[in-house]
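Opening the notebook on a new model today.

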Amino acid sequence: MSDTLLWYTTRGAGAVSLVLLTAVIVLGILSALRVQAAGWPRFLTTGLHRNLALMTLVFLALHIVTAVVDPFTHLGWLTAVVPFSSSYRTFWLGLGTIAFELLLAIVVTSLARGYIGHAAWRLVHWFTYASWPIAVIHGIGTGTDTWSAWLLAITVICVVAVVAAIGFRVTAGSRDPLKEPRTTFQAAAQRRETR
Amino acid sequence: MTRLLDGRDLALGPEGLAEHVQRLGPLPAAGRSFIDVLVRSGLSGRGGAAYPAGLKWQSVAAQSNGTAVVIVNGAEGEPRSLKDRLLMTKRPHLILDGASLAARAVRAKHVVLYIGEEHHAARESMARALAERKDEERRLVRTVAAPARYVAGASSAAVHLVDDGIATPTTAPPSAHERGVDGAPTLVQNVETLAQVALIARTGSSTGTLLVTVAGGVLRPGVLEIQAQTTVAAAVELAGGASEPPDAVLLGGYFGTWMKAANAWGLPLDHDALRARGLSLGCGVIGVLPSSRCVVCEVAGIMRYLASESSAQCGPCFFGLRALADACTAIAERGANSEDLQRLRRWSAEVSGRGACHHPDGAVMFLQSALTTFPDEFAGHRAHLRLSA
Amino acid sequence: MKPNSTPLSKVSGCSQGRFSGRVNTGAMNGNTQDRIRARDAAFRLLNRLTTGAAVGALAGVGVFGAVSASTIPGITTTSQSASTTTSTSTSTGTSTSTGLGSSSTPVNSASSGSGVVVSGGT
């Protein structure tokens, strides 16, 4: 395989990973807001969120592997797991390692949620709000293409999407399709003290 | 050897305090040191989880500094279970003895009797028995009505009801023994467990028996006190034998396991023995399904019930269980087609592990056990005229 | 020792033979069918969206890879006629043209002075 091909693949897969991760976060926020419409039940949002999260890991793996395997990068496999251990662009690459590991932790704890319990899962899931911006900064700092129009446009769109989703979450209350059945249950399940 | 149901004829009313003391002697004055006796006895809880009672008391006592709360769980949310009601109606003082011992052992400030709001006989019996007790015991006790909902019998629901007024179950920590009612360490114990405790305090060991409810196609359905390790077949015989040859047995109530009757007969009724086989006795309901009734239709009906009993805290349970119940009902009422089983599998996977409490998982496991034990019945089900129940 | 053989069912008032308790009889209606159809459709939509995303992502690697190649191509060591590397000196100021590992020589390279531009890395 041509070395340049590896390099293009790394860059292409990096961009795709960023887009996928952005979609994952936006879907996660929409999940928390319990957004739904006719023909789009809530489990569709959470299901897509989960599927795209796994997909992100796949393309991230492609991004990392092609970068490490590329003979010209002189990156060892260690740089993929130990942050700030590369001699090349130590800081910015290290950020990428961190973002990757945060994402890995989130996915692994999600798969093992039955074993670790709901609270632990939830705690680790908050890392997502760290993982994404770190990934964006990694892309800006490490990338060859940062100022290329195409990646600039992608980065801007992703940032706008996440900022808008967070803004939406903060301002809009979550709609609650369960409000009525929950109220019914609570009315039936109330305390009636005898003595 | 003593049994829980020894003494006064069960056809008569509750056993009063005088008779109780005459038969068993006065309640030993035991404090925190009793917990060691309880641990040595190896008594496991009778509420369904079979967690060692002694260990539970140890955890609560360790956290308590006089602030603990004891919840006497007589809610019996499982519809076909009758054992807790029976104990409350016939042997209330065994339960109150156990509660008193618990309160002293964990140094509780309050004791709450959690009894089903519709279980009038039990409530009356416990109230009368409580009135006979010593002042120093009665002072700590209050009675709270458990709502008539399936989930209300769960420990976390009991704690929530007593604490903030609504019987909502959860799995979220903290657990009751750390922070329960009013943030105090809370001991939630089933009434049968406490009845055993009352006897352990006098004899040093449990009775070696347990209470089961035999329900469904038997001649004398109801509660039995059986020796541990008694087989399912023997229990069914004691309940009068099957009214007609059964196809299926449901062991452990609506969150339990389905079995072909032939495989169930030899099973020993004992928590540890069953757990070793990957089964659970749960709250001790043995449901015998006669061959004249259809497994698929029963499963559909129970799934509809479990779906309707959702506390609507989360989407996977409320919408997911409803969807599973819909799919089961479709199979039951119009017959199965090639997509139905796949649909059940796919939709079950979407629900498992995603609930705010264990209710959806219990229902899914119930359905899975039916599907794995009776795949042909599901796959080949055809609509049939159902007898009005 | 025989257990107490009173027919407890009489005492506690449970009905004989009924297995599943309260709910039953003819529960299937139009609503149920609609809900099943809707959920099936939603699952199919989920599958289509996931597949679409996977295909789109693979295509994206190709497209973005190609775009990145045309904007900043890498040149192998054998080629002397290096095309201009648009300077990608970012605020970090690390070198583009002298290869890897060195973060010490900030070079503003309009053209590959040394005649050798190594691909990969930056």
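This is a predicted model: local features need pLDDT of at least 70, side-chain atom pairs count only at pLDDT 80 or more; totals for chains, interfaces and linings use all residues.

**Domains of chain B**

I started with a contact: seven residues of domain 1 of chain B touch seven residues of domain 3 of chain B. On the domain 1 side, I sorted the touching residues into three nonpolar, three polar and one charged.

I then checked the bounds. Domain 1 of chain B covers 17-203, domain 2 covers 209-290 and domain 3 covers 295-379. Over C-alpha atoms, I get 33 Å between the centres of domain 1 and domain 3 of chain B.

**Overall shape**

I looked up the secondary structure of chain B and found 17 helices and nine strands. Along the principal axes, the C-alpha atoms of chain B fill a box of roughly 65 × 45 × 35 Å. The radius of gyration of chain B is 21 Å, which agrees with the value near 21 Å for a compact globule of 389 residues.

**Helices 13 and 14**

Next I took helix 13 (residues 295-308) and helix 14 (residues 315-334) of chain B. Their axes come within 8 Å and cross at roughly 155°. Angles over 145 count as roughly antiparallel, so I put helix 13 of chain B down as roughly antiparallel to helix 14 of chain B. I logged the crossing of the two as left-handed.

Which residues meet there? In helix 13 of chain B they include B:Val296, B:Val299 and B:Met303, and in helix 14 of chain B they include B:Leu321, B:Leu324 and B:Cys328. I counted the residues of this helix 13 and helix 14 contact in chain B as 13 nonpolar, one polar and two charged.

Notes: Residues are numbered from 1 along each chain as its sequence is written. Chains are lettered from A and ligands numbered from 1 in the order in which they are written. Domain bounds come from an automatic or database domain assignment. Two residues are in contact if their C-beta atoms, placed from the backbone, lie within 7 Å. Ala, Val, Leu, Ile, Met, Phe, Trp, Tyr, Cys and Pro count as nonpolar, Asp, Glu, Lys and Arg as charged, and the others, Gly among them, as polar. Axes are lines fitted to C-alpha atoms, for helices over the stretch in contact, and angles run from 0 to 180 degrees between N-to-C directions. Helices (H or I, at least four residues) and strands (E, at least two) are DSSP runs, numbered from the N terminus. Angles under 35 degrees count as roughly parallel, over 145 as roughly antiparallel, 65 to 115 as roughly perpendicular and the rest as oblique. A crossing is left-handed if the near helix is turned anticlockwise from the far one by less than a right angle, and right-handed if clockwise. The radius of gyration is taken over C-alpha atoms; the globule rule is 2.2 Å times the number of residues to the power 0.38.
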